[in-house]
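Subject: Structure for you to look at, with notes

Dear colleague,

Here is the structure I promised to pass on, and I would be glad if you could read the notes below with it open beside you.

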Amino acid sequence: MKEFSKTQKVTYNLMSFTAYKALVLFSLLSEGPKSYDEICDYFYNKTYLNEKISIDTLRVYINSLKRIGCEVKRVRGTDKISRYFISASPFELKLTVEQLQSAVKVYKSIVKNIDIRDLISIENLFEKIGSYIDNQDFIADIKKVSMLKDVDKNILNELIECCERNEEVTITYNSPNSGEKQIEILADKINIENGKIYLYGFGFEYMQYGSFLLSRIKKIDDIKPADKIPENFRKIKVVYELKCNPDYFTPEDNEKIIKKTSDKLTIEVQTSNEFLLKQRLLGFGADCKILEPDDFKNSFIQLLKNMKAGYYCD
Amino acid sequence: MTKKLTEKYNDACIKMFTFLKMLYKGDVEFKKVIDLLSDGKYDGTSNTHVTLNKYLNAMRIFGIKVKKIKNKYHLFSTLSKLNLSQEDIKSILMLKKANEILPDGKVKNNFNEFIHELEIRYDDSAKNLNEIEDNTDNLDFEFYNSEMAEQIKLCEKYCQDKQKLEIIYINPKGEETNLICSPLEQIYLKRKICLKALGNNGSRIYEIPVENIKSLKQLPISASSQSIPTTVVYKIKNRLAKNYKLRDWERLDKIETDNSRIIVNKNEDLDLLVKRLMRYGTECEILSPKFLKEEMIDEINKTLGNY
């Protein structure tokens, strides 16, 4: 290689041209069927080679490739010209059952804790790996642990884009209460919650922000650009107090910290979905106290009373 | 060498590819390569090593990277390449990081081999992408932080040592808490790596984000092996019952006539479970154990007491 560094010329003293030609031929035939003339042209134009190859030499190389375990096949096209290609070789990606199972286990350990885009990317990678190997069970095993198994990937990808552009979408939704129906939503974001994928957005039916299980979305009927959130959306402002270490609290997108002490925060939240907000505040338990407005506070107190009554009515 | 004209083959070609096949299986000792090239007849005076250098240079010029380290040849890139995109490389790095927190053992080793098989098939573009992605911190996992990585390794070791730990950590309320526990495993929860541990009384599970652990001390006491985590039974109703997705550590016990469902939960942090079930409001009711049902009622009462 020192000689090559000095002269930039490859000579017989430096490398085995036979070995190099064999590698070039292997690579060329792995790409797909090539005729003798195409192989000759490739060798002629290849740096360091710049010479054609005789048909007898080609046969010797092909025999050698077969001997080391390559499947070299010949096809004859409509032009009646024979073309050679390598359909299988010992150098292809081969993964053992144990290696594939380990990949499934590693994926399972993170599947519920990653971003939706990362989830799609990892599954695309596995599908690609699956296309290189001869193991039908691998993709089936990935699907078993996948959160995308009940989800139409095309619908998901399209909705991700709709959310990025904040478009207005009309979907056919299989509602658990009222069956299949069309819903118009101003798409906001796709999120994973408790191992399920949801589309979040402003629903026109109830004029409030809501979440829709992606596995229940049957199809996208219409997509159109939306200017902004309609003004007639019901929206309330709630202020609550939270006992916590402020360093360990992360506000939601719609929350604003308006007062902070060493052990307490006062937070203002704007929402059009009282149900989702009540769920969040219930999760804080006794550490949370709603300050205003009174009607929301009273409805929250009533909810707590109903929860308590549930434990004493049996 | 020649049997029939159609079966004529090239010895140099066979030997070079055989060497490559050996490299695919793992590291190859120098002596084994010399034996292959000299048909086992190397006497120290022939020019076999020169032939080997010529083969190695042919491979290098073709783009196959083989390095000799401590008298063994290692393969760093291969003949057949995989067509991998930037997204694919990012996914591989993410999976590699996920594998780092798994306990040492078969899964971890097999997965490292899985990754090796992919990495040796990277083309130049994939290698460049790998270096770029590896130097960025745009991935979601907290453990990319090097300080955390040390803590994670320590937790992994403690899980394997099976000895009790004294942990000081910040609880969900932001208070410093002291806990004596038996470490079980590390898991991902809400994008955080958590140490799962069994409390000293042997029935309560704790899932503590590693980033919240202030100090860890291994105690000279064996971890509890006989302990059984508390089983919680709860009922879910109405809309929640229709949409509820069972966790891996839960099972559906039965469906009642009113379509409510009885769920059996084992192995979840009870503090986090109570918080989760609180969120379900009137659509959920803890049935057993009694102490957790009382904890739930107490939490409801305390919350009501705020008003």
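This is a predicted model: local features need pLDDT of at least 70, side-chain atom pairs count only at pLDDT 80 or more; totals for chains, interfaces and linings use all residues.

Residues are numbered from 1 along each chain as its sequence is written, and chains are lettered from A and ligands numbered from 1 in the order in which they are written.

Overall form of chain A

The C-alpha trace of chain A spans about 95 × 50 × 45 Å along its principal axes. Its radius of gyration, taken over C-alpha atoms, is 32 Å, whereas a compact globule of 314 residues would have a value near 20 Å (by the rule of 2.2 Å times the number of residues to the power 0.38). Chain A has 10 helices and 12 strands, which are DSSP runs numbered from the N terminus (H or I of at least four residues for helices, E of at least two for strands). Of the 314 residues in chain A, 27% are buried, where buried stands for 20 or more other C-beta atoms within 10 Å of the residue's own, exposed for 12 or fewer and partly exposed for what lies in between, with C-beta atoms placed from the backbone.

Domains

An automatic or database domain assignment divides chain A into domain 1 (2-88), domain 2 (97-145), domain 3 (153-224) and domain 4 (236-312). Taken over C-alpha atoms, the centres of domain 1 and domain 3 of chain A are 55 Å apart. For chain B the assignment gives domain 1 (5-75), domain 2 (86-139), domain 3 (146-222) and domain 4 (231-305), and 39 Å separate the centres of domain 2 and domain 4 of chain B.

The contact between the chains

Counting residues as in contact if their C-beta atoms, placed from the backbone, lie within 7 Å, 69 residues of chain A and 66 residues of chain B take part. Helix 5 of chain A gives the most to the side of chain A that touches chain B, with nine residues. The residues on that side of chain A comprise 36 nonpolar, 20 polar and 13 charged (Ala, Val, Leu, Ile, Met, Phe, Trp, Tyr, Cys and Pro count as nonpolar, Asp, Glu, Lys and Arg as charged, and the others, Gly among them, as polar).

Nonpolar cores

A nonpolar core is a set of buried Ala, Val, Leu, Ile, Met, Phe, Trp, Tyr and Cys residues joined through C-beta atoms within 7 Å. The largest one has 92 residues, and those with the most contacts inside it include Tyr107(A) and Ile208(B). Leaving aside neighbours within four places in sequence, Tyr107(A) is in contact with Ile122(A), Ile142(A), Val145(A) and Leu95(B). A second, separate core of 34 residues includes Phe26(A), Phe17(B), Val28(B) and Tyr55(B).

Strands

In chain A, strand 9 (residues 236-243) pairs in the antiparallel sense with strand 11 (residues 264-271) over eight bridges, and Tyr240(A) stands opposite Ile267(A) there. Strand 9 of chain A also pairs in the antiparallel sense with strand 12 (residues 288-292) over four bridges, pairing here requiring at least two DSSP bridges between two strands. In chain B, strand 7 (residues 205-209) has four of its five residues buried.

With best wishes

Technical notes
Two residues are in contact if their C-beta atoms, placed from the backbone, lie within 7 Å.
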